[in-house]
Amino acid sequence: MADLATSQNPAQYQKLAREMGDLQEVVDLASQYRAALTQLEEAEEIIADGSDAELVELAAAERDQLRGQVAQLEETLKVLLIPKDPNDGRNAIVEIRAGTGGDEAGLFASDLYRMYHRFAERKGLKTEELSSSQNPAGGFKEVVFAVSGADAFGQLKFESGVHRVQRVPKTEASGRIHTSAASVAVLPEAKEVEVEIAPEDLKIEVYRSSGPGGQSVNTTDSAVKITHIPTGIIVSCQDEKSQLKNKNKALKVLRARLYDKVQAEQKAERDAARAGQIGSGDRSTKIRTYNFPQGRVTDHRIGLSLYRLEEILDGDFEKFVEQLALASQQDALAADL
Amino acid sequence: MTIVRETIRETHQTLEAAGIPDARLEAEVMVMTVMPDDLAGIIGQRLERIPLAYILGYREFYGINVVVTPDVLIPRPETEGIVEHTLFMALMGMETRELSIADVGTGSGAIAVNLAIHLPAARIYAVDISEPALDVAAWNIRAHSVADRIRLGHGDLLEPVPESVDLIVANLPYIPTDRIPTLQPEVQCEPGAALDGGPDGLDLVRRLLAQAPGKLNSPGIILLELDPEQFPAAEAVALQHFPDAEITAEQDLSHRDRIMVISRP
């Protein structure tokens, strides 16, 4: 960091400063750990020597206390030494798709959208809708939105998977409970430099009216659809804003999906040896059930049930994030042993 | 949020029943933009087929909000392409040079304002035959703080442009007269003078190309927005006045020929 070249490059300096901050924490704790170990050794020596009874008593008491300290510091250090997910600090792109259950699934998708929107509000994060496709009953077939702010991805990454709802649909006259589902995918936002997209790899289209278009047509829609030819990924953005904005939004989503694809492939290679991992894993796994009659939400990965359905759907699901992060840490620790 | 969802659904149904295009999208925009008390009035106007942009008073174009009134044409998404291509032409090997540009038939000023924003060194003339349109353009120019770089001019095609320019950009009326009554009711609400290009739609384009040699520098570029089937005829006229020019067609995002680029060496 004292290097002249670095001091002239603010981005690099910041990156190194952050790294140093992180490392400093570990270094400080390591010093404390070594000091406690040394003291523990000394205490053990005094006890072993046994010549002064009073001293031995004191040493015994200290030893117990130090053992506790050492154990705690060990745990903390182990956690700090787990490599952080480098994507945690990024912004996130969230995709919610209605699954089985027709209109009701669409309404549930929109409930989840509201849940994440409220979560973002509580956490001081910003949301921006990028694309959506509604169904006639008023729910979403699909909605894609960006969440930006500190650790947006880190806080939302555990939401990837299938969310299941059990309730009496609004449209249901007989009062029977139905089960439907929506799938959520959380992707880290990719920077332009990280994902190279060659212009010739893109097919960009808009809805094509019959007739010559141009001055002859007056519509509010300037939807843009982008196909990434090499991978076949299609992104469309529709709203009333300019074609330019829609194109940029679609590109943002495309970049995130391409980045995610690469990351997933790399992760699959790394995880070939590890099983049962909690994290942004298989997207088709059922991760949570929202049971309305019981007012209960259960996360199946950690077996945690909370009887706070209303609050959770209002964006207050921090508890799940906490416990999932903990479980993920424990997994990582176990795997490294 | 359920109330909003309900309101959007009802509005959507009302608009759709009346045959309004993009009913769902417009319903969303209306409900999210307008105060609940005003919504019924807005819907009422829309049911008379007044374009949404006139009702709300603006249309987003190339990333900025452009104020529109019934005195100007509502900018089309295809026209964003002409801004893009003009910027591309201007920036290619011409970065440091002070460019002069004429936006002929500027209407709301949508093109001129965007060019000014992205080309800080350019000198732009935005001209139109309609004074009410120039008032709207003036508003948009002030709103985006580019008044120091755009001069407005009133008159016929290139006549009000005081000097020879490097780039001429024109989205002139290019619809054949007979087609206009067959178009959407929304289009009928827009100023006829901003749409009507005569029997084959090319009357104004022809006159512009006749005036252009005296007002275009060498090298110089003309960018024209047209309908696909007009390209052969327009190219012939262009070659008449610029026999040495290179003429190319750029497509819009519907893969239709939309912009004719005439490069004078």
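Modeller: Chain A and chain B bury about 3400 Å² between them, with 47% of that area on carbon and sulfur atoms. Keep in mind that this is a predicted model.

Colleague: What makes up the contact between chain A and chain B, in residues?

Modeller: Chain A brings 36 residues and chain B brings 46. A residue is included because its heavy atoms come within 4.5 Å of the other part.

Colleague: Why is the link between Lys245(A) and Glu60(B) called a salt bridge?

Modeller: The N to O distance between their side chains is 3.1 Å. The limit is 4 Å between a side-chain nitrogen of Lys or Arg and a carboxyl oxygen of Asp or Glu, so the pair qualifies. Three salt bridges are found across the interface of chain A and chain B. Polar contacts there come to 26 residue pairs, both residues being at pLDDT 80 or more.

Colleague: Which elements of chain A give two or more residues to the side that touches chain B?

Modeller: They are α4 (102-122), β6 (202-206) and α6 (243-270). The residues on that side of chain A divide into nine nonpolar, 17 polar and ten charged.

Colleague: Now to chain A itself. Which domains does the assignment give?

Modeller: Domain 1 covers 2-80, domain 2 covers 92-189 + 299-336, and domain 3 covers 199-268. The centres of domain 2 and domain 3 of chain A, taken over C-alpha atoms, are 25 Å apart. Eleven residues of domain 2 and nine residues of domain 3 take part in their contact.

Colleague: How much area do domain 2 and domain 3 of chain A bury between them?

Modeller: About 980 Å², 58% of it on carbon and sulfur atoms. On the domain 2 side, Leu130(A), Leu187(A) and Pro188(A) lose the most area to domain 3, together 44% of what that side buries.

Colleague: How do you know that Lys252(A) and Glu189(A) form a salt bridge?

Modeller: Their closest N and O atoms are 3.7 Å apart. That value is within 4 Å, so the pair counts as a salt bridge. Between domain 2 and domain 3 of chain A the count is three salt bridges, and three residue pairs are in polar contact, both residues at pLDDT 80 or more. On the domain 2 side, β1 (92-98), β2 (126-134) and β5 (178-188) each supply at least two residues. The largest share, four residues, comes from β2(A).

Colleague: Why is the pair of Phe108(A) and Tyr290(A) called edge-to-face?

Modeller: The search over all chains gives five aromatic pairs. In the pair of Phe108(A) and Tyr290(A), the centres are 5.4 Å apart and the planes 70 degrees apart. The centres lie within 6.5 Å and the angle is over 60 degrees, so the name edge-to-face applies. Phe108(A) is in helix α4 and Tyr290(A) in strand β9 (residues 286-291), so this pair ties together parts 182 residues apart in sequence.

Colleague: What makes Arg114(A) and Asp314(A) a salt bridge?

Modeller: The closest N and O atoms are 3.2 Å apart. With the limit at 4 Å, the pair therefore counts. Over all chains the count comes to 38 salt bridges.

Notes: Residues numbered from 1 in each chain as written. Chains lettered and ligands numbered in written order. Heavy atoms only, no water. Domains from an automatic or database assignment. Buried area = accessible area lost by both parts, 1.4 Å probe. Polar contact = N/O pair within 3.5 Å; in protein donor to acceptor, adjacent residues only side chain to side chain. Nonpolar A, V, L, I, M, F, W, Y, C, P; charged D, E, K, R; others polar. Phe/Tyr/Trp six-rings, centres within 6.5 Å; stacked < 30°, edge-to-face > 60°.
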